[in-house]
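The structure is shown first and the explanation comes after.

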Amino acid sequence: MRDTWSSRSTFILAAIGSAVGLGNAWRFPGLAAKYGGGAFLFVYLIAMLIIGIPLLMMEISIGRHTQKGAPGSMRAINKKSEPIGWMGVANGMGISVYYAAVFAWVILMFFSSFKFASMTGDTDAASMLWFNTISSTGTTTGFTTISWKVLICLIIAWAACYFCIRNGTTTVGKVVKYTVSLPVICLVILAIRGFTMDGAMAGVAKFFIPDWSALSDSNLWVDAIGQVFYSLSTSMAIMFAYGSFLNPKTNIAVDAIIIAFADMLISVIAGIVMFTTMAGVGMLDNMSASGISTAFIIYPQAIVSLSNNGVVNAIFAFVFYFCLITLAIDSLFSIIEGISTAISDKFNLDKKKTTLTICCIEGVLSLIYVTGAALAVLDIADYFINSYTLLLTGIGEVVVVGWFFKTSKVLEQVNKNTVKFKMPAWWFIPSIKYIAPVALTGLFIWNVVNLVKGGGIYGAADGYSLAANALFGWAIMAFIVAFGFIIKIFVKIKAKDGYKEDQRTFDDFGKEVQ
């Protein structure tokens with residue numbers, strides 16, 4: 001019997017927890033600082049409305065209708081499109097391996113927060129705390145250096161992840177009540193502190209008042225659309241899986257909008273925290289679009305400048321990194337849930353054992369991030385997945401649904417149980433059929449052009465070798481693209497033992513429900 005969410009609110013909280021992650025807390029504020037504050041918020045809102053919400057509705061509704069993960073859902077739409085679903089699963093695999101490492105770093109900083117008590121006013125020491133603690137060389141040649149502290153925290157991260165999803169929707173439903181509400185509470189506490197600081201209103205003004213001249217910067221549009229796309233956890237097999245656990249009577253049209261705007265609201269609160277705090281300590285111009293730099297280098301400098309009382313500063317450090325822990329945990333386990341659902345659905349495997357196996361395998365793979373080369377490897381892997389394979393997956397999904405299927409059938413599923421609000425055809429269909437494919441393809445081409453301009457390999461300017469890019473970038477990207485075809489090989493092998501694939505189409509699932 002398939003898992004189901006215990007209630008509508010549980011699903012909404014789980015989806016919000018998946019969508020709201022570390023990027024909301026550190027990348028969103030950094031991009032707003034980079035691109036004219038309110039101008040970035042304006043473009044982000046537009047991108048959310050015309051791309052993010054329709055894409056989110058599409059994945060959830062198809063998953064609910066087919067009761068399948070990403071590959072099964074895409075196969076029901078068009079049998080030839082199943083590899084696109086597996087690309088989403090493989091994206092999740094690649095991301096979760098390094099996301100667990102970042103989660104481990106956050107845990108490590110949480111346990112190290114007491115050290116800020118003795119660093120009052122010493123911004124140099126604060127900025128180096130994380131870097132020294134993880135023992136990173138910052139290069140791809142530090143594989144022999146091991147940080148045992150990071151290793152312990154990485155084990156904690158994977159154990160916590162499995163604990164949260166060991167029983168599927170049952171345990172996820174219990175956990176998200178806390179992992180969604182606690183970060184909001186923490187952010188509000190940090191925001192209140194930010195507002196009480198001298199100069200805080202200058203930060204608020206910079207965050208909300210638009211610099212309309214920034215709209216002429218094409219990078220603003222690229223980054224805003226990209227932030228929406230990545231933030232909502234689409235193209236990672238998550239929302240198909242979460243949708244497949246839904247009751248057929250769920251109101252997806254309304255729920256998806258709640259999820260999307262909750263995601264944006266938490267991003268805005270995080271922006272208020274960053275802008276008021278950084279303005280209060282005189283570091284408003286130091287904000288960075290790099291999430292790693294913001295969380296582990298720049299914000300620690302602000303922490304030790306919050307007050308002259310080291311204990312107070314340490315307390316706020318604990319609150320900040322605890323907030324990041326709660327943001328990271330549900331994003332990680334939601335990715336694993338998407339992977340586990342897809343594989344167990346395809347091969348009729350025990351879900352709990354599949355989840356444990358995935359956590360163990362990916363846990364072993366993530367050990368590379370306890371070495372001195374962790375930062376460099378993460379930099380390369382994150383770039384290639386986010387800049388290319390995630391976008392390719394999103395393009396594939398909307399092209400298949402928009403051009404090789406009747407988009408109106410998906411819209412019917414979106415509006416199936418809604419009365420007061422229905423997703424308009426003029427909003428949904430043009431977005432899925434035209435706007436999203438063009439926007440995501442434009443992002444992909446933009447990234448390819450930048451890659452070529454950089455000499456044909458990413459990271460050359462930072463000293464990353466061709467071998468490092470090939471191993472941790474191109475090879476990972478090739479695996480993700482080829483993953484669906486690798487699965488086909490396993491299917492042929494299992495077919496010899498009597499295994500048969502599910503041949504039902506999107507319309508067949510509809511007939512069964514009737």
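This is a predicted model: local features need pLDDT of at least 70, side-chain atom pairs count only at pLDDT 80 or more; totals for chains, interfaces and linings use all residues.

Two packed helices are described by the angle between their axes and the distance between the axes. Helix H13, residues 252–280, packs with helix H1, residues 8–19, at an angle of about 40°, and the two axes are 9 Å apart. That angle makes H1 oblique to H13. The handedness of the crossing of H1 and H13 is right-handed. On the H1 side the contact is made by Arg 8, Phe 11, Ile 12, Ala 15, Ile 16 and Ala 19. On the H13 side it is made by Val 254, Asp 255, Ile 258, Ile 259, Ala 262, Asp 263 and Ile 266. Sorted by class, the contact of H1 with H13 has 10 nonpolar and three charged residues, with no polar ones.

H13 also packs with helix H3, residues 38–66; these axes come within 9 Å and cross at roughly 140°. H3 and H13 are therefore oblique to each other, since the cut-off for roughly antiparallel is over 145 degrees. The crossing of H3 and H13 is right-handed. H3 contributes residues including Leu 41, Tyr 44, Met 48 and Arg 64, while those from H13 include Ile 252, Ala 256, Ile 259 and Asp 263. The contact of H3 with H13 divides into 17 nonpolar residues, one polar and two charged.

Asp 263 of H13 is listed in the contact with H1 and in the contact with H3. Is Asp 263 buried or exposed? Asp 263 has a relative accessible area of 0%, so it is buried. Not counting residues up to four places away in sequence, Asp 263 touches Ala 19, Val 20, Asn 24, Tyr 44, Met 48, Ser 231 and Leu 232. The C-alpha atoms of Asp 263 and Ala 19 are separated by 6.4 Å, although the two residues are 244 apart along the chain.

Another residue with 0% relative accessible area is Ser 96, which is buried. Ser 96 is found in helix H5, residues 82–111. Leaving out residues up to four places away in sequence, Ser 96 touches Trp 158, Leu 332, Ile 335, Ile 336, Ile 339 and Glu 362.

Turning to the aromatic rings, the count comes to 33 aromatic pairs. One of them joins Phe 143 and Phe 472, with 6.0 Å from centre to centre and 35° between the planes, and is tilted. Phe 143 lies in the loop between helix H6 (123–134) and helix H7 (148–165), and Phe 472 lies in helix H20 (residues 466–495), so the pair ties together parts 329 residues apart in sequence. Phe 143 is partly exposed at 34% relative accessible area, whereas Phe 472 is buried at 11%. Elsewhere, Trp 26, Trp 105, Trp 130, Phe 131, Phe 296, Tyr 299, Phe 320 and Tyr 321 form one aromatic cluster.

The backbone is the last topic. Most residues other than glycine have a negative phi. Ser 233 has a positive phi, near 65°, and is found in the loop between helix H11 (218–231) and helix H12 (238–244). Ser 233 counts as buried, at 4% relative accessibility. Asn 348 also has a positive phi, of about 55°. Asn 348 is placed in the loop between helix H15 (310–347) and helix H16 (351–365), and is exposed, with a relative accessible area of 61%.

Notes:
Residues are numbered from 1 along each chain as its sequence is written. Side-chain values use heavy atoms; hydrogens and water are left out. Axes are lines fitted to C-alpha atoms, for helices over the stretch in contact, and angles run from 0 to 180 degrees between N-to-C directions. Helices (H or I, at least four residues) and strands (E, at least two) are DSSP runs, numbered from the N terminus. Angles under 35 degrees count as roughly parallel, over 145 as roughly antiparallel, 65 to 115 as roughly perpendicular and the rest as oblique. A crossing is left-handed if the near helix is turned anticlockwise from the far one by less than a right angle, and right-handed if clockwise. Contact means heavy atoms within 4.5 Å. Ala, Val, Leu, Ile, Met, Phe, Trp, Tyr, Cys and Pro count as nonpolar, Asp, Glu, Lys and Arg as charged, and the others, Gly among them, as polar. Rings of Phe, Tyr and Trp (its six-membered ring) pair if their centres lie within 6.5 Å; planes under 30 degrees apart count as stacked, over 60 as edge-to-face and the rest as tilted. Buried means under 20% relative accessible area, exposed over 50%, partly exposed in between (1.4 Å probe, protein chains only).
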